[in-house]
Amino acid sequence: MAATVAAGLALAGCADTDPPGAGEQADLSVLAVDAPQMQTLERLTKEHFTAETGITVDYTLLPENEARERMNREFATQAGNHDVASVSAYEVPIYSDHGWLAPLDSYVKADEDFDQEDVFPNLVASLTGEDGRLYAEPFYGEGSFLMYRKDLFRKDGLTMPPDPTWEQVADLAARVDGTDGASGICLRGLPGWGQNLAPINTVVNTFGGAWYDMDWNARLTSPEFKEAVRFYVDLVRSHGQPGAERMGVLEILDRFVAGECAMMYDATSLASSIEADGSSVKGKVGYVPAPHHRTEKAGWLWTWAWGIQQASDRKDAAWEFISWASSKEYQAQVGRDLGWTAAPAGNRRSLYANPEYQQAAAAWYRQEYRAATDSADPRNPGVAPRPYTGIGFVGIPEFAVLGTAVSQQIAAAIAGQQSVDAALDKSQDLAQAAAAKYRGE
């Protein structure tokens with residue numbers, strides 16, 4: 001997968017790109033994770049972006065794990081096959097440090113219509129390199145929250161607390177499990193550091209765990225880490241969907257939309273699909289903040305953002321694409337064409353000030369905005385002190401391989417193939433070895 005990145009290849013850094021000129025009328029290749037928002041973008045590109053600029057765009061949309069594998073390989077080798085890719089707050093510090101991404105500051109400065117000040121500052125900070133330069137623009141941002149079926153809760157005489165703890169969620173999952181054939185809760189189980197580890201890490205944080213102590217000693221067998229993972233595994237095995245170890249975000253979303261889950265803890269960006277026309281649960285879902293345990297708040301902060309490969313020889317055209325895809329105007333176009341609930345959210349203040357969006361997204365608007373602006377602190381998302389940044393990940397290059405390996409061990413525990421203790425004993429050894437250089441070994 002990301003072996004090249006995990007090995008920490010020291011490719012030479014590249015100078016800032018030249019300031020934008022008149023723009024290049026050239027075809028672009030865009031690599032992105034396959035998500036509903038990306039599918040909408042692809043559908044609208046020819047009619048709007050290409051018609052206005054003459055720039056044609058070829059999309060490669062892949063499931064998250066496959067997209068990351070190709071992106072890591074593509075950017076590490078600077079192959080130049082893809083001009084633009086959907087990167088995240090995890091990739092940006094690593095890629096920019098190695099000179100794999102083109103800085104965007106000169107483009108932003110010259111593009112007054114883009115309105116950089118409208119973008120949420122926390123996302124801008126997460127996409128800024130150690131050198132202080134901006135390397136990506138958010139297409140959409142997301143936090144995480146708990147979604148629940150109000151109709152099933154009423155049927156069983158249950159009440160969702162306004163700010164639930166994980167213990168309360170587990171109790172509710174047990175009581176609602178089986179109502180109208182629905183699983184008590186749907187959770188990611190599919191291996192992948194961006195799949196099952198995304199929610200699991202938020203549980204670890206709020207239960208008081210951390211991957212490493214301040215001396216970079218692995219802590220995956222600490223009581224807090226074990227308690228958190230055991231809680232998650234027990235919950236999904238007892239009251240989750242069948243075959244959970246094979247289900248990632250898209251699979252559990254499909255189940256929830258089909259009415260097969262009473263609750264789901266996942267990304268705020270899924271709400272637009274849940275409330276879309278054709279969803280069997282449209283208008284039946286309630287939204288509350290991410291469950292917590294020892295912390296006052298939990299959840300994650302994430303963004304899929306557009307970055308330009310340094311090796312691309314079509315950087316001006318690439319910026320024109322980014323400027324369009326991440327703009328207020330694009331959000332408004334989606335709102336007009338497909339309805340405001342389909343607009344990519346979580347990245348701009350102006351969307352949340354828009355009365356049309358507020359009305360259309362009334363069911364989840366406040367919780368989505370809270371998650372986008374008041375999520376856990378990436379520098380200190382839990383109780384235990386830690387030497388790394390990141391909420392749903394550990395912000396080191398080695399985590400791309402390490403996280404995937406650990407996620408496979410936990411998926412095996414979810415499948416009942418081994419105990420949580422066995423999974424974490426193996427994972428502890430992997431984590432200790434991955435951080436050897438940070439301990440000076």
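**Ground rules**

I am working with a predicted model, where local features need pLDDT of at least 70, side-chain atom pairs count only at pLDDT 80 or more, and totals for chains, interfaces and linings use all residues. Residues are numbered from 1 along each chain as its sequence is written, and side-chain values use heavy atoms, with hydrogens and water left out. My helices (H or I, at least four residues) and strands (E, at least two) are DSSP runs, numbered from the N terminus.

**Entry 1: the sheet of 5 strands**

I looked up the strand order and got E2-E1-E3-E8-E4, an open sheet with mixed pairing. To count as paired, two strands need at least two bridges found by DSSP.

Which strands stand at the edges? They are E2 (57-62) and E4 (137-142), and each has a single partner strand, so one side of each is left without a neighbour in the sheet.

I also checked one pair inside the order. E3 (residues 84-87) and E8 (residues 302-308) pair in the antiparallel sense, over 4 bridges. Ala-85 has Gly-307 in E8 as its bridge partner.

Then I looked for a helix on this sheet. H2 (residues 36-53) lies across E1 (28-33), E2, E3, E4 and E8, and runs at about 175° to E2. For angles, axes are lines fitted to C-alpha atoms, for helices over the stretch in contact, and the values run from 0 to 180 degrees between N-to-C directions.

**Entry 2: the sheet of 3 strands**

This open sheet goes E6-E5-E7, with antiparallel pairing. E6 and E7 are its edge strands, each pairing on one side only.

I zoomed in on E5 (residues 144-149). It is joined to E6 (residues 263-267) by 5 bridges, and Leu-146 has Tyr-265 as its bridge partner there.

Is E5 buried or exposed? I found 6 of its 6 residues buried (under 20% relative accessible area, with a 1.4 Å probe and protein chains only), so E5 is largely enclosed by the rest of the structure. Ser-144, Leu-146 and Tyr-148 point one way, Phe-145, Met-147 and Arg-149 the other, and all are buried.

A helix turns up here too: H17 (residues 365-373) lies across E5 and E7, at about 30° to E7.

**Entry 3: two helix pairs**

I started with H8 (residues 166-176) and H10 (residues 223-239), which pack at about 15° with axes 10 Å apart. That makes H8 roughly parallel to H10 (angles under 35 degrees count as roughly parallel, over 145 as roughly antiparallel). I listed who touches whom, contact being heavy atoms within 4.5 Å. H8 gives Trp-166, Ala-170, Ala-173 and Ala-174, while H10 gives Phe-231, Leu-235 and His-239.

Next came H18 (residues 399-414) and H19 (residues 420-434), packed at about 175° with axes 8 Å apart. H18 and H19 are therefore roughly antiparallel to each other. Their contact includes Leu-402 and Ile-410 of H18, and Val-420 and Leu-430 of H19.

Methods: Parallel < 35°, antiparallel > 145°, perpendicular 65-115°, else oblique. Buried < 20%, exposed > 50% of the residue type's maximum accessible area, 1.4 Å probe, protein only.
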